[in-house]
Amino acid sequence: SWEKVTTPTRSRWLQLAERPGGREQALLSAAILSALDRTVPASVLERCGEYERIAFALRAPGGLDSLTGGSEQAIGVCVEALEQVRAEARQGSYGFGGLDIAELTVAVAEATGSTDLWEGLRDFLLDRHISKDQKSRGLDRLVASAEAVPLSVVNSLRLGWTEILSSAEGG
């Protein structure tokens, strides 16, 4: 708990968060400030990638509305990313590293209730070309957020469980 941390230790963490630097330092700074329930300055977020900005916005006081394009921007980015990953998987290419797009999509869908996003996520999870690795964290988050998932998506996933289980091993 942050309240139990000594003043000198707090000071060192905040100094670390305030260091200038590139993308890696920006991610570290944003993670520290976000964990401490502090506002992440726009100058830090500008150095992060688009997925990271959405993830940090989800934790920000203004939520996705703190993004320049608001929740519509986050929805569009997730829909496009899901489609891109599916297209790459159909060609036998599997990405690695970075934020898990399925997990991020569940978080954004839960925050916005976007039907398009839930349906895009459903199609992604049922796609046999998508590796199990690319689905697992999204499925974990989906289970944890079960109350928010539309019944039509739940039913589709229930009926399509064999497609999920027979997914590619790559990734």
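Contact here means heavy atoms within 4.5 Å. Keep in mind that the model is predicted.

**Exercise 1.** Find out where Ser-156 sits and which residues it touches, leaving out residues up to four places away in sequence.

*Solution.* Start with the location: Ser-156 belongs to helix α9, residues 151-159. Next, look at accessibility: the value is 23%, so Ser-156 counts as partly exposed, as buried would mean under 20%. Now apply the contact cut-off, and you get Arg-122 and Leu-126 as the partners of Ser-156.

**Exercise 2.** Is Asp-127 buried or exposed?

*Solution.* First place the residue: Asp-127 lies in the loop between α7 (115-126) and α8 (132-144). Its relative accessibility is 7%, so Asp-127 counts as buried. Then list the neighbours, again skipping residues up to four places away in sequence: Asp-127 touches Arg-86, Arg-90, Lys-135 and Ser-167.

**Exercise 3.** How are α6 and α8 oriented to each other?

*Solution.* For α6 (residues 101-112) and α8, the axes come within 7 Å and cross at roughly 30°. Angles under 35 degrees count as roughly parallel, so α6 and α8 are roughly parallel to each other. Now for the residues involved: α6 brings Ala-102, Glu-103, Val-106, Ala-107 and Glu-110, which meet Gln-134, Arg-137, Gly-138, Arg-141 and Leu-142 of α8. Sort the residues of this contact, and you find four nonpolar, two polar and four charged.

Note on methods: Residues are numbered from 1 along each chain as its sequence is written. This is a predicted model: local features need pLDDT of at least 70, side-chain atom pairs count only at pLDDT 80 or more; totals for chains, interfaces and linings use all residues. Side-chain values use heavy atoms; hydrogens and water are left out. Helices (H or I, at least four residues) and strands (E, at least two) are DSSP runs, numbered from the N terminus. Buried means under 20% relative accessible area, exposed over 50%, partly exposed in between (1.4 Å probe, protein chains only). Axes are lines fitted to C-alpha atoms, for helices over the stretch in contact, and angles run from 0 to 180 degrees between N-to-C directions. Angles under 35 degrees count as roughly parallel, over 145 as roughly antiparallel, 65 to 115 as roughly perpendicular and the rest as oblique. Ala, Val, Leu, Ile, Met, Phe, Trp, Tyr, Cys and Pro count as nonpolar, Asp, Glu, Lys and Arg as charged, and the others, Gly among them, as polar.
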